[in-house]
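Morning, everyone. Please keep the viewer open.

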Amino acid sequence: MKTAFRSKPPRYPGSWDEFPAGENIKLAVEQVCNEYAERIFGYHFVKLGNLSAQIQLNDSPIHHRINHTPDFTCSERAKDDMFKAVANGEADERTHSANENFIIGQAHKLPFSENSIDGLLLANELDFAQDPHEILREVDRVITQDGHVIISGFNPLSLAGVAKYLPVKRDNILHDARFFSTYRMKDWLHLLGFEVIEQRQILFSTLFFQQRWEGAAKLQHYLSSYFPWCSAVYVILAKKRVFPMTAIRPKRALKPQFSAVGASARTTSQKQKSHV
């Protein structure tokens with residue numbers, strides 16, 4: 001398998017605002033993640049990374065959510081977004097302000113015990129990781145049996161994937177994004193024992209510019225219907241599968257098909273007769 005390690009770490013985004021179309025990307029990813037989060041049950045949910053922490057999962061039945069970010073500034077920004085959502089009536093104050101925890105740490109060294117997290121969200125976290133395999137191994141370690149993981153990423157087979165290699169806005173952080181394909185991402189998940197439940201293709205643009213013309217919505221709908229493979233962003237829902245070990249019954253002992261011959265086969269009575 002081709003390694004995904006990069007000797008020089010890519011620039012890491014502090015928020016969605018660092019992308020030219022960051023607000024559009026966030027809203028599109030947030031909508032799909034909320035639909036997926038409705039199907040995840042349990043006790044603990046972790047939003048991994050700066051971008052994930054800013055995704056509001058208002059429809060999630062798991063009330064205890066942990067925002068795991070690499071520095072304190074990003075945690076404060078995520079808190080501000082959460083309080084704004086509460087003030088605007090987009091989130092419930094009781095369930096979101098009291099049960100949102102913030103932890104500072106690295107994504108490849110999660111401070112959770114094995115089989116303790118029911119759901120994880122990685123919103124474009126792997127696109128800016130130096131070693132995405134290391135992060136996925138940590139996700140596999142902490143997730144429970146039958147736990148779920150939501151992963152969003154940038155699609156290399158899109159206009160955004162092509163624009164990444166063009167001399168357009170070279171200071172844009174999108175040029176540092178890894179752009180892993182869905183085939184490669186699903187291959188990694190399968191190797192770790194995850195089953196891909198659903199995949200959604202969203203946003204059909206270069207992502208390097210804001211869409212401000214009236215026909216953008218119609219074009220988005222047309223491309224999503226007929227050319228879903230060229231979307232700029234994808235969102236994957238995967239479930240951890242642990243197959244129980246079944247005891248193998250020993251085979252029935254077979255009767256030997258031969259018998260010993262010669263002196264070793266003589267019985268005691270036969271030996272005594274020979275001496276008489």
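Arginine 11 is partly exposed, at 37% relative accessibility. On the cut-offs: buried is under 20% relative accessible area, exposed is over 50%, and partly exposed is in between, with a 1.4 Å probe and protein chains only. This is a predicted model, so local features need pLDDT of at least 70 and side-chain atom pairs count only at pLDDT 80 or more, while totals for chains, interfaces and linings use all residues. Residues are numbered from 1 along each chain as its sequence is written, and side-chain values use heavy atoms, with hydrogens and water left out.

Back to arginine 11. What does its side chain meet in a salt bridge? Aspartate 176, at 3.1 Å, N to O. A salt bridge here is a side-chain nitrogen of Lys or Arg within 4 Å of a carboxyl oxygen of Asp or Glu. The two partners are 165 residues apart: arginine 11 sits in the segment before H1, and aspartate 176 in the loop between H6 and helix H7 (182-191). Helices (H or I, at least four residues) and strands (E, at least two) are DSSP runs, numbered from the N terminus.

How many salt bridges does the structure hold? The count is 9. Next one: lysine 47 with glutamate 100, closest N and O atoms 3.8 Å apart. Lysine 47 is in strand S1 (residues 45-48), glutamate 100 is in strand S3 (residues 100-104), and 53 residues separate them. Buried or exposed? Lysine 47 is buried, at 1% relative accessible area. Glutamate 100 is buried too, at 7%.

Lysine 240 is buried at 11%. Aspartate 140 is partly exposed at 22%. There is also a network: salt bridges with shared partners join Glu35, Arg39, Glu198 and Arg200.

Now the nonpolar side. The largest nonpolar core has 34 residues. By core I mean a set of buried Ala, Val, Leu, Ile, Met, Phe, Trp, Tyr and Cys residues joined through side-chain atoms within 4.5 Å. Those with the most contacts inside it are Phe19, Ile25, Ile150, Phe154, Leu207 and Val233. Two or more residues each come from helix H1 (22-37), strand S4 (117-123), strand S5 (143-154), helix H6 (159-163) and strand S7 (233-240). H1 gives the largest share, 7 residues.

Take isoleucine 25. Setting aside neighbours within four places in sequence, it contacts (heavy atoms within 4.5 Å) Trp16, Phe19, Phe154, Leu203, Leu207 and Val233. Another core lies apart from the largest one, with 27 residues, among them Ala107, Leu122, Ala129 and Ile135.

Proline 13 is in the segment before H1. Proline 13 is buried, at 1% relative accessible area. Beyond four places in sequence, its contacts include Phe19, Asn50 and Phe128. The C-alpha atoms of proline 13 and asparagine 50 are separated by 7.2 Å, across 37 residues of chain.

Last stop, the surface. Tryptophan 229 lies in the loop between helix H8 (216-226) and S7. Tryptophan 229 is exposed, at 54%.
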